[in-house]
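Work through the following exercises on charged side chains, and compare each step of the solutions with the structure shown here.

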Amino acid sequence: MNKSTLAATSAAVAVAAGSGSIASAKAVPAWYARLRKPPYQPPNAAFPVAWTTLYGDIAVTSAVAIDRFRAAGQHDKARRYAAALGVNLVLNAGWSWLFFRFHKLGASAIGAALLAASSADLTRRTAQADPRAALAQSAYPLWCSFATVLATHVWRLNR
């Protein structure tokens with residue numbers, strides 16, 4: 001794997017993670033604690049563990065995919081992958097802003113659905129470059145799909 005590609009994908013993921021953290025830093029203890037949540041809500045400690053793992057996975061598998069496309073001379077696919085990753089990370093960070101900072105539960109449920117679709121598309125693109133990397137990345141759209149169900153249920157409970 002090319003170290004500069006991994007550095008670039010890691011930096012992009014870190015910016016998204018950092019932005020999301022800024023949005024949620026003050027809201028979690030107070031506002032979030034008061035929300036009604038469904039019984040299948042994971043404990044709060046599960047979220048940073050899950051997201052840290054997923055962010056690392058996204059950075060590595062995306063670097064693998066981009067490098068494989070480039071090595072195969074498919075530079076257009078590599079550029080389109082990088083663009084899809086950028087859109088995905090904007091959606092990823094944007095969800096935290098919608099939910100935690102602006103308290104827009106309905107909009108955050110829609111944002112979660114868009115993120116789940118974008119994550120599935122990213123994994124599909126990864127599979128074109130490297131099926132093993134796509135298998136490793138498959139937890140991301142699954143988690144985002146679960147997050148969509150959860151965000152939608154939280155929205156419905158708190159309308």
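A salt bridge is a side-chain nitrogen of Lys or Arg within 4 Å of a carboxyl oxygen of Asp or Glu. This is a predicted model, in which local features need pLDDT of at least 70 and side-chain atom pairs count only at pLDDT 80 or more, while totals for chains, interfaces and linings use all residues. Residues are numbered from 1 along each chain as its sequence is written, and side-chain values use heavy atoms, with hydrogens and water left out.

**Exercise 1.** How many salt bridges does a search of the whole structure find, and which residues are linked in a network?

*Solution.* The search of the whole structure gives four salt bridges. A network of such bridges links Asp121, Arg124 and Arg125.

**Exercise 2.** Which parts does the salt bridge between Asp130 and Arg68 tie together, and is Asp130 buried or exposed?

*Solution.* Begin with the contact itself, in which the side chains of Asp130 and Arg68 meet at 2.1 Å, N to O. Asp130 lies in the loop between α5 (105-129) and α6 (131-137), whereas Arg68 lies in helix α3 (residues 46-71), so the pair ties together parts that are 62 residues apart in sequence. Here helices are DSSP runs (H or I, at least four residues), numbered from the N terminus. Next, consider accessibility, where buried means under 20% relative accessible area, exposed over 50%, and partly exposed in between (1.4 Å probe, protein chains only). Asp130, at 5%, is buried, while Arg68, at 42%, is partly exposed.

Terms used. Helix = DSSP H or I, 4+ residues; strand = E, 2+ residues; numbered from the N terminus.
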